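Work through the exercises below with the structure open beside you. Try each task before you read its solution.

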Amino acid sequence: MQTWPTVVIPAIPGRGQSLSIHDTVAGAEPVPVTGHDGQVSIYVCGITPYDATHLGHAATYVTFDVIGRVLRDAGLRVRYVQNVTDVDEPLLQRAVRDGVDWRDLAEAETALFREDMTALAVLPPDELVGVVESIDLIAAAVQRLVTDGVTYALPVEDSAGEDIYLDLASVPGFGEVSSWSREQMDAVIVERGGDPNRPGKRDPLDPLLWRAERPGEPSWSAAGLAPGRPGWHIECTAIAADRLGLPIDIQGGGSDLVFPHHEMSAAQATAAGAEFAAAYVHQEMVGLHGHKMSKSKGNLVLVSRLRADGVSPMAIRLLLLAHRYDAPWDYTEDAMAAATTRLERWREGLSVNEGPSAEPVIAAIRETLANGLDTPHALRLVDAWVEQAVRGEPGDPAAPGLLARTIDALLGVRV
Ligand code: 5CA
Ligand code: ZN
């Protein structure tokens, strides 16, 4: 499907260091992201378009945007694919609740998402891939698993159709993405879209690959499967494999996807004989009043609402970057106001006629981003330079422009 407009990255002198980042599988120590043949493939789990982009979504996409910028600055090429879950349970339910066609709802919310991403100067993915347009390739991936004998079918009441499940018992290494205990998995599986109580399942955690047609629900016939629609996790396994080839270098998304989504995405790839991803990078949850911001709970701060209220998108970006991606945080109006004040101060500091040399600050920003993506520290480094410039410290007339271009190139912040 259509992505959003290209974002130009200004050229800056020199070269950044290679990125090391926290991989959920590897544990606490950041691991280097090297890619293959000078290229890094990144797949980030995209939106389910039944409501508008909130700050949690924005945090996830800005984090992977900065990762892409840092990798490019280090001389690597980046190939980035993101999906749109434009047919799934929560979307269909919301459409029924609101009395609208699910396709219209998905289209409208995806359009708003593109606008929000454009406003936030997020680099567009090379491909934004919807599920509806990918039914054939997802069905083919399901069919391959059926042929491999790692699935089973369960009858559907009052229907000739059958739901197809992956048999996790046939998947070596299941659980290695999250390293969660069985108790932890059992505790969240229902709220995260699983159906452990479905009669006949071999393992309550077995993921649904293909859901047989039900009255009033959309369905497709593809790849020799009976009419139905894909389960959630298989869309990402199939789209990532099709567009990027396995293993991808980075599987990304919010930390709410570690289990079951990324665990199942990996299990489905393993079941088909492929390793899914070399590294798993997760944005920790953004919350409001101590609870994860989520469309289902409705405790949202929307990017479009903030924009309509006159908040600068660049201030929103600074708010997001003021928090480490790998630690959870709560939105507050005070933090939003502080980000706006910071943006104004930067504008002042970066519009002086001369300032202290930019080179040491640029080197320090590159280092702190490459070393685990410490964006809050990068912002403080800019703050320090800005304060000197505002005080009128003499120096280099090229420095303000050079630093402004660096902030744009590496942090995506345009002052
Ligand atoms: N379509 C699926 C992924 S295949 C999905 O999770 N959609 S979503 O709309 O619920 O979320 C979109 C992205 O934002 C996902 O990567 C998700 O992990 C991330 N996300 C959702 N809520 C938050 C939050 N509160 N904080 C940070 N990231 C979040
Ligand atoms: Zn996904």
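**Exercise 1. Strand 10 and its neighbours**

In which sense do strand 10 and strand 11 (residues 277-283) pair, and over how many bridges?

Solution. This is a predicted model: local features need pLDDT of at least 70, side-chain atom pairs count only at pLDDT 80 or more, and totals for chains, interfaces and linings use all residues. Residues are numbered from 1 along each chain as its sequence is written, chains are lettered from A and ligands numbered from 1 in the order in which they are written, and side-chain values use heavy atoms, with hydrogens and water left out.

Step 1. Strands (E, at least two residues) and helices (H or I, at least four) are DSSP runs, numbered from the N terminus. Two strands pair if DSSP finds at least two bridges between them.

Step 2. Read the pairing. Strand 10 and strand 11 run in the parallel sense, over six bridges. Ile250 stands opposite Ala279 in strand 11.

Step 3. Look at another partner. Strand 3 also pairs with strand 10 in the parallel sense, over three bridges. Here Val44 stands opposite Gly252 in strand 10.

Step 4. Strand 10, helix 7 (residues 258-271) and strand 11 form a right-handed β-α-β unit. Right-handed means that, with the strands pointing away from the viewer, the path from the first strand over the helix to the second runs clockwise.

Step 5. Check the burial. Buried means under 20% relative accessible area, exposed over 50%, and partly exposed in between (1.4 Å probe, protein chains only). Seven of the seven residues of strand 10 (residues 248-254) are buried, so the strand is largely enclosed by the rest of the structure.

**Exercise 2. The zinc site**

Find the protein donors of the zinc ion (ligand 2). Then explain why the arrangement is called tetrahedral.

Solution. Step 1. Apply the cut-off. Donors are N, O and S atoms within 2.8 Å of the metal (3.2 Å for Na, K and Ca); water is not among the atoms, so sites may look incomplete.

Step 1. List the protein donors. They are Cys45 (SG), Cys236 (SG) and His261 (NE2), at 2.1 to 2.3 Å from the zinc ion.

Step 2. Test the angles. Four donors count as tetrahedral if all angles lie between 85 and 135 degrees. The four donor atoms around the zinc ion subtend 103 to 119°, so the arrangement is tetrahedral. For comparison, ideal angles for four tetrahedral donors are 109.5 degrees.

Step 3. Cys45 lies in the loop between strand 3 (39-44) and helix 1 (55-73), and Cys236 in helix 6 (residues 232-244), so the pair ties together parts that are 191 residues apart in sequence.

Step 4. Check the cysteines. Cys45 is buried, at 5% relative accessible area. Cys236 is buried too, at 1%. A disulfide is a pair of cysteine sulfur atoms within 2.5 Å. The count by this rule is zero disulfides.

**Exercise 3. Backbone exceptions**

Solution. Step 1. Recall the background. Most residues other than glycine have a negative phi, and most peptide bonds are trans.

Step 1. Find the cis bonds. The bond from Leu246 to Pro247 is cis, with omega near -5°. Pro247 sits in the loop between helix 6 and strand 10. Another cis bond joins Phe259 and Pro260, with omega about 0°. Pro260 is in helix 7.

Step 2. Find the positive phi values. Ala223 has a phi of about 50° although it is not a glycine. Ala223 is found in the loop between strand 8 (208-212) and strand 9 (228-230). Its relative accessible area is 35%, which is partly exposed. His289 also has a positive phi of about 50° and is not a glycine. His289 lies in the loop between strand 12 (286-288) and strand 13 (291-292). His289 is exposed, at 67%.

Technical notes:
Tetrahedral: all angles 85-135°; square planar, octahedral: opposite > 155°, others 65-115°.
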